[in-house]
Amino acid sequence: AGVAAGALAFVSFVDTRTYLQLVDGKEAIIKSLFPRWWPNGRDMMVSVIGLSVLTHGTAFYLSRHTSWLWSGGLLFCLGPYTKFILGEDIE
């Protein structure tokens, strides 16, 4: 969950709009970066979120503390967030 939180903190603060402000309108830099960055970041997050959800489910199974279900459920919800909210910035 810590790796997922760190990756999401990065993505939350460094998005396309932020990059465009940093490069001062030189869109060619962004157009060359995102075709490589986005697929790799997406693939990493699918693995990280999947593994985190599985470990939260295992922790619940072993401890029977419902807090593991809540946090695992919230991690699971990051998939639609990534697809619909962050995908909007990429397109």
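Colleague: Is Phe-84 buried or exposed?
Modeller: Phe-84 is exposed, with a relative accessible area of 56%. Exposed here means over 50%. Bear in mind that this is a predicted model.

Colleague: Okay, and which helix is Phe-84 found in?
Modeller: Phe-84 sits in helix H5, which covers residues 78–90.

Colleague: What does Phe-84 form on the surface with Tyr-81 and Ile-85?
Modeller: Together, Tyr-81, Phe-84 and Ile-85 make a nonpolar patch there.

Colleague: Let's switch to H1. How many residues does helix H1 have, and how far does it reach?
Modeller: Helix H1 has twelve residues, 2–13. From the first C-alpha to the last, H1 reaches 17 Å, which is close to the 16 Å expected at 1.5 Å a residue.

Colleague: Which residues of H1 are buried?
Modeller: Ala-4, Ala-7, Leu-8 and Val-11 are buried in H1. They're on the same side of H1, because they cover an arc of only 100° around the axis.

Colleague: And what does the face of H1 turned away from its buried side carry?
Modeller: That face carries Gly-2 and Phe-13, both exposed residues.

Colleague: New topic: His-56. Where does it lie?
Modeller: His-56 lies in helix H3, residues 27–63.

Colleague: Buried or exposed, that His-56?
Modeller: His-56 has a relative accessible area of 7%. Buried means under 20%, so His-56 counts as buried.

Colleague: Which backbone oxygen lies 2.7 Å from a polar atom of the His-56 side chain?
Modeller: That's the backbone oxygen of Ser-52.

Key. Residues numbered from 1 in each chain as written. Predicted model: local features only at pLDDT ≥ 70, side-chain atom pairs only at ≥ 80, totals over all residues. Heavy atoms only, no water. Patch = residues over 30% accessible without salt bridge, like charges linked within 9 Å, V, L, I, M, F, W, Y side chains within 5 Å. Areas by Shrake-Rupley, 256 points an atom, 1.4 Å probe, with all protein chains shown as cover. Salt bridge = Lys/Arg side-chain N within 4 Å of Asp/Glu carboxyl O. Helix = DSSP H or I, 4+ residues; strand = E, 2+ residues; numbered from the N terminus. Buried < 20%, exposed > 50% of the residue type's maximum accessible area, 1.4 Å probe, protein only. Expected span 1.5 Å × (residues − 1). Arc of directions from axis to C-beta. Polar contact = N/O pair within 3.5 Å; in protein donor to acceptor, adjacent residues only side chain to side chain.
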